[in-house]
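Colleague: Could you walk me through this model while I have it open? I have a few quick things to ask.
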Amino acid sequence: MNVVALADFGSTFTKVTLVEAGSGRLVATGSAPTTVVTDVMEGYAAAMDDALSAAPAAGATVEARLACSSAGGGLRMAAVGLVPELTAAAARMAALNAGARVELVLAGTLGDKDCLLLESCKPEIVLFSGGTDGGQADFVLENARVLSRAKVVGHMIVACNAVVAGTVAEMFAHAGWQVKVVANVMPQIRALNIGPARQAILDTFINHVIHGKGLSRTKEFGESVLMPTPEAVLRATSLLAAGTESEAGFGDLVVVDVGGATTDIHSALVDPPRRNWVQAGDLPLPSVMRSVQGDLGMRWSAPGVFEADGLWLTTELADTGWNECELRAKCEQMRVHPELLAAGPNERLLDQAIAVSCISLGLRRHSGTMSIGYRRDREVDFIQKGADLRDVGLIIGSGGVLAHDPEAARLLDRAAGRREKGSLAPVAPRIALDVNYVLPAAGLLSTRNPLAALTLIKTEVRGVSNAA
Amino acid sequence: MAEARLSIGIELGDLIPAGLPAGMDAVEEGKALGRTIERARSLYLEEKGVGSEREWRERARIEGIPCTCMNIGLATWAETRDALGAIYENALARGVRPPDRYNILAERRMGLPKEMRASAPQETGPVLWNDNDWWETTHTVPIQPYAGDNMIGGPGSVDNVVDALRVGITYVGVVSQYSWRWPYWDDEIAQLMVVLKAAGVLASGREEGLVFDSYLEDGLPGVFHDYANYVGWAMIERYVCERLIGAAYSCSFGGLTHNPIIKSALSLALDAVNPDRVPAAFVQGDTIGNKADFDANMAVVASDVLFMKMTDMRYRLGGAPIAVPVTEIERIPAWQEISTVQTISRKMDEYVPLIGPYINWSEIEAIRDRLVTGGRRFFDNAIHAMEHTGVNTRDPGQVLLVLKRLGAAKLEELFGAGAINDNFLRGREPVIQTDLVKETMAFRERLLATVADIPRPPGVADLKVVVASTDVHEFAKFLLTSVCDAIGAHTIDCGINRDPEDIVRVAVETDADVILITTHNGVARSFADKLVHELGIARMADTAVFMGGVLNEDVAGSEIPIDVRSDLHKLGIRTPTSIEDLVGSISGMATPAAPAR
């Protein structure tokens, strides 16, 4: 049997998924600790052995090896723009949608302190934007001039006002940056064009960044890694929503991944609602979108969860007998000792409550809000900020606590039900679970066989088929 | 299924303030009050031998007796009363039937509670100050009055309806005026409850022929873009008045309808959604077709009245057309001018049977059917959306308040009968576009023709002009973007209802040379202050700013907004006095070589 080996180099574990080459049927999975200190391919070999040993006795011939990676800190980026709500937001969106960790966003007219921020951040890629095409030039050139003085170099993708993009590129190249110029992320007001910048980020990641991390000395590693892991999940999300030419998708959906440090939300809208009566701002949102909540996570970010949702957690966990101070201390302990697993029923309840918090707050932040602007004698205005996901019919829980907790479906349901007035989070979604963590694998597989990738998701994500 | 049914995406219940009293409580109070009122009979009702105007109008339509109506409102009630007498005598002297009814065009103070009227500023039109004035409305001549303008709608609604019923008036309005605001009155909720109580008074006499009338154009439909939505709005008012409150509802309209064919179809559509066939109080004559040439306006009156009468007679609507005096566009008509068009109107009765049979009514009926289908869609969309987004559609107060707060533009955008189409200002293609919109589009064409004649340097094409409105007036912004496009500037449409911060953000990213603001919501000075401040922060202080529209500001202590143009000039903002002035100023910033900035 010919199989495709689909690997995800995670920060702690490397997971390998074997699927039948033509059909996408799951053959076996395996995992092993990621071996960043020596060579990540050692961990990969162990994970592959684990998977092959679980494969049917008839044996499997590996036809192709594809991989995604978030090892070594994933893809760290900075986004630069002019107006925070416009070009800077567009650049940030492009970076997030390429699977990056956006560690710094710079906006406005920049100065020396911004250079210092860039130097301390040391991003692997900077996405530089600003101005519509034919629009703002002076401030954009000024920003380029300032940033080119920073004592840091790396990969710079220029996606600004096309009229000055060449000049901007020259400035950065002169300062030692590896520069690539692509189309403006916001060529005009109310137009978002993040596709070219996103592709440039992925190309740079594959061709340069992943090699520069020193994760492996082997040629095989560099050849197999196609994208950052979040990008693979986003591709799977998009595929499942839209389907393929021959097979329909499931329509609008959201994927939630609660990790130890972050909560990642991916959404895909096949047919976004058209509501002319709503004022939705000058920056349209892409139909496929990813957000990362850096303060919401099960271990390293547990204190952040308590900070954001402490009152609810305290009320929710009243039966444990822990008061607010004790709960805060527990969360801090989780940050300091992320390796510890829940001990006893009360700590299990705490884990579950934190998971519900991460999901519900993550969904709220990923989704937009709708408010009513009304003044006597003025006509009313409906102001939408962010994406309207209320009609989303399916939420998939993926990875981490949602893969391992037997009550994961209930937790997701509970989190989705914690609605806040004015929130545009999904209203009545059905729940599905990616227990075997096949979404990154499906995203990888979709690059060579979308139908097989769709089959893999439909057969392996629990609850998806029932949701049709 | 209509698209708005799927999801409007808005919680309309959020428009209802906490503690809004139950509307039906006010209605029941009104019904109890209504049962205590002793009603006299007017001279007209005595002459006809009926208990109510509705009773007569229903009999008249069966017997094919045409009725007419007139608007009248001179400076005082005494002058108005004397004019009524003169019109009546003049008709008899000419040998024509006097008008059947008249609309009292009362002054706005009549909308206030009685005790507030004397201290409020005087405006145009008569005020009925005492019982004798009221008595004379029905007992001067046998012409039946309609207590409409400023009677029900304002905080004085209950005072007025009680006085009207006492003297024998049986049609009282105006439902649609509930959306108005009266000077010296800021309690929107109290006003609404008084209107509902007044409606309850009328409901108490539904079986005796009391009617709660509306005039569509006085309310939100007056600025609708689609006549089908007129019909839908009338259905909503009928639902509230008849189903919820229990009053008989009639629906008058017509002033903003210039095309006689469309007007005929609209009359028929409003009749088709009127299951009890309550006769409309009146059909208003065309008020937008008349221009400065009074002689030419005779043609407007003749064609308008003829079609209103032919439609009324053929379909036995029981309406009462108003012939608009040809001078009304420029002044309050004298009684002689009213008599003239009333005589024309009566004379037209002779032509109705001669011309009516040769009109292609099936085409008019086809338009009617489109209007009815569209109107039902608007109604269904609105009621369904309210029901599912937190509004108690059994409470007339909640329904009326939410619709009022939404306003005309949002109502059409949300619930409109037309298909969604971004090429139209309200995002939907009208089933039948209103004449108001047609007039505006014609105005735009004239404007563009004017602009085409203004010389401008080629450098205009390099100018980036951001256009925005501080309010919901999409027409004004539309005209400005059209003009900017026409002169060849690079126009950046920033949208309506924008804040200064929104505009500055767009100006920064686009490196705007000019910001063009249209404002009609009484915030010109504070908006300009903030805009200039934000431009300074963004290092865009040299951007030229122009403002137009209504350049005033609501200020504490003044009942009316004050003119703030001099304040704007101090801020460096230009306020062009005409479109030529604006185009000249913008063109002046351009040079063939480079933009001015």
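Colleague: Leaving aside its neighbours within four places in sequence, which residues is B:Glu501 in contact with?

Modeller: Keeping in mind that this is a predicted model, B:Glu501 is in contact with B:Lys530 and B:Glu534 once the neighbours within four places in sequence are set aside.

Colleague: And where is B:Glu501 found?

Modeller: B:Glu501 sits in helix α19 of chain B, which covers residues 500-510.

Colleague: How far apart are B:Glu501 and B:Ala248 in space?

Modeller: From C-alpha to C-alpha they are 50 Å apart, and in sequence 253 residues separate B:Glu501 from B:Ala248.

Colleague: Switching to the whole chain, how many helices and strands are there in chain B?

Modeller: Chain B has 22 helices and 14 strands, and its C-alpha atoms fill a box of roughly 80 × 55 × 50 Å along the principal axes.

Colleague: What radius of gyration does chain B have, against that of a compact globule?

Modeller: Chain B has 26 Å, which agrees with the value near 25 Å that a compact globule of 597 residues would have.

Colleague: Last one, how many positive and negative side chains does chain B have?

Modeller: There are 58 positive and 84 negative side chains in chain B, and the centres of the two sets lie 3 Å apart.

Definitions and conventions
Residues numbered from 1 in each chain as written. Chains lettered and ligands numbered in written order. Predicted model: local features only at pLDDT ≥ 70, side-chain atom pairs only at ≥ 80, totals over all residues. Heavy atoms only, no water. Helix = DSSP H or I, 4+ residues; strand = E, 2+ residues; numbered from the N terminus. Rg over C-alpha atoms; globule rule 2.2 N^0.38 Å. Lys, Arg positive; Asp, Glu negative; His and termini not counted. Charge placed at Lys NZ, Arg CZ, Asp CG, Glu CD. Contact = heavy atoms within 4.5 Å.
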